[in-house]
Amino acid sequence: MKIDRIETFTRDHLCFVKVHTEDGAEGMGQAAPYNADITTMVLHRQIARFFLGRSTSDLTRCVHESIIKNHKYPWSYLCRALAGVETAIWDLIGKTRGKSVCELLGGVPRTITAYGSSMSRETTPEQEAERLVMFREEQGFNAFKIRIGKECGENQDAWPGRTEAVVPAVRAALPSEVKLLVDANSCYTPRKAIEIGRMLQDNDVCHYEEPCPYWELEWTAEVAAALEIDIAGGEQDNDLAQWRRMIAMNAVNIVQPDVCYIGGMIRSMAVAEMAAAQGKTCIPHAANRSMVTLFTMHLLAAIPNAGPYLEFSIESQPWSNGLFEPALEIRNGSIDIPPEPGWGVEVNPDWLS
């Protein structure tokens with residue numbers, strides 16, 4: 001099947017991508033959320049030409065050429081745009097073959113356990129504890145991730161003392177069997193990150209995400225070497241060479257590629273494979289309820305080193321409501337991968353009109 005046309009539908013934070021073949025087959029994907037207008041422009045100017053007129057059987061080569069022949073224009077927007085086209089083609093292939101994407105990649109549709117991911121630094125420790133207890137009662141989560149420090153905060157907190165208060169408050173409010181993860185969003189220098197990490201260990205936290213600025217791999221490796229807690233990272237990284245360095249230097253124990261940031265499923269699978277070769281776990285990043293969470297579900301079902309959880313945002317984000325059917329829904333702390341062909345969902349036609 002040859003790609004004949006690539007359409008984009010851009011509104012608010014999102015860009016949906018529809019690919020068409022010469023014989024009338026279609027597939028739907030999504031570029032990375034936010035600044036979608038810029039991503040859409042890059043898609044049509046820098047990415048589309050590597051797919052138009054090409055066979056879907058050449059997908060891996062088309063993805064590779066999109067990167068190497070755009071070497072003067074790395075990285076973020078290029079990969080955000082690439083993800084939109086690549087995920088649409090996977091949907092197309094799945095629909096024409098009558099298989100889900102995870103089946104095409106060697107997996108089987110299954111039930112995925114999720115952790116409730118808090119995105120807020122505005123809550124007090126008491127408020128955060130109360131709302132996580134509520135989400136556990138309502139949706140059955142057995143793991144949560146909370147935010148500590150300040151995003152790219154240069155050792156600052158959201159307000160003085162919040163981190164040291166919120167971690168024990170949440171830990172005390174949840175049963176001991178509930179796993180607790182934290183995300184520092186590139187906040188700390190190594191010394192401060194290690195100090196905070198020891199406090200996290202004392203509070204039975206199992207996952208310490210992005211303790212240092214993500215581009216400072218040596219800093220993160222220093223933290224990983226000093227602590228027993230698992231260090232996670234990589235959501236921002238889209239250069240496979242950087243991923244090789246990160247894994248080789250043991251900067252992280254858990255790799256977190258984001259399907260929409262890195263450029264799609266093929267490149268995400270490459271990172272998971274690198275990590276598996278070094279005995280590392282893959283828990284991909286999926287920070288909102290757009291199609292990126294759906295893509296991540298299929299990825300987790302297709303890789304041998306998948307972590308125990310899917311990241312699932314607990315925040316209300318009106319822009320992500322009603323994007324597709326069936327909607328993503330947590331039951332008893334888990335979610336089912338749609339078994340239907342492709343991604344297993346249909347984008348809301350009203351959104352596309």
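**View 1. Strand β13 and the second largest pocket of the predicted model**. Strand β13, residues 334–336, contributes 3 residues to the lining of the second largest pocket, the most that is given. Strands are DSSP runs of E with at least two residues, helices are runs of H or I with at least four, and both are numbered from the N terminus. A pocket is an open set of points on a 1 Å grid over the protein atoms alone, with protein on both sides within 12 Å along at least five of seven lines; a cavity is a set of points where a 1.4 Å probe fits but cannot get out, and lining residues have an atom within 4 Å of a point. Of the 15 lining residues, A327, E329, R331, I335 and D336 lie nearest the centre of this second pocket. The lining comprises 9 nonpolar, 2 polar and 4 charged residues (nonpolar: Ala, Val, Leu, Ile, Met, Phe, Trp, Tyr, Cys and Pro; charged: Asp, Glu, Lys and Arg; polar: the others, Gly among them). The pocket holds about 230 Å³ of space, a volume being the space filled by probe spheres set on grid points that are joined across faces, edges and corners.

The model is predicted: local features need pLDDT of at least 70 and side-chain atom pairs pLDDT 80 or more, whereas totals for chains, interfaces and linings use all residues. Residues are numbered from 1 along each chain as its sequence is written, and side-chain values use heavy atoms, with hydrogens and water left out.

**View 2. The largest pocket**. This pocket has a volume of about 320 Å³. Its lining has 14 residues, and R147, E151, N185, E235 and Q236 lie nearest the centre. By class, 5 of the lining residues are nonpolar, 4 polar and 5 charged.

**View 3. The largest cavity**. The count is 1 cavity of 30 Å³ or more. The largest cavity has a volume of about 80 Å³. It is lined by 13 residues, of which Y214, T220, G233, G234 and V252 are the closest to its centre. Helix α8 (217–226) and strand β8 (230–233) each supply at least two lining residues. The lining has 8 nonpolar, 3 polar and 2 charged residues.

View 4. T87 counts as buried because its relative accessibility is 0% (buried is under 20% relative accessible area, exposed over 50% and partly exposed in between, with a 1.4 Å probe and protein chains only). A polar atom of the T87 side chain lies 3.3 Å from the backbone oxygen of G84. Not counting residues up to four places away in sequence, T87 touches M28, G29, Q30, V259, F295 and W343 (contact: heavy atoms within 4.5 Å).

Notes:
A polar contact is a pair of N or O atoms within 3.5 Å; within protein, one must be able to donate a hydrogen and the other to accept it, and residues adjacent in sequence count only if both atoms are side-chain atoms.
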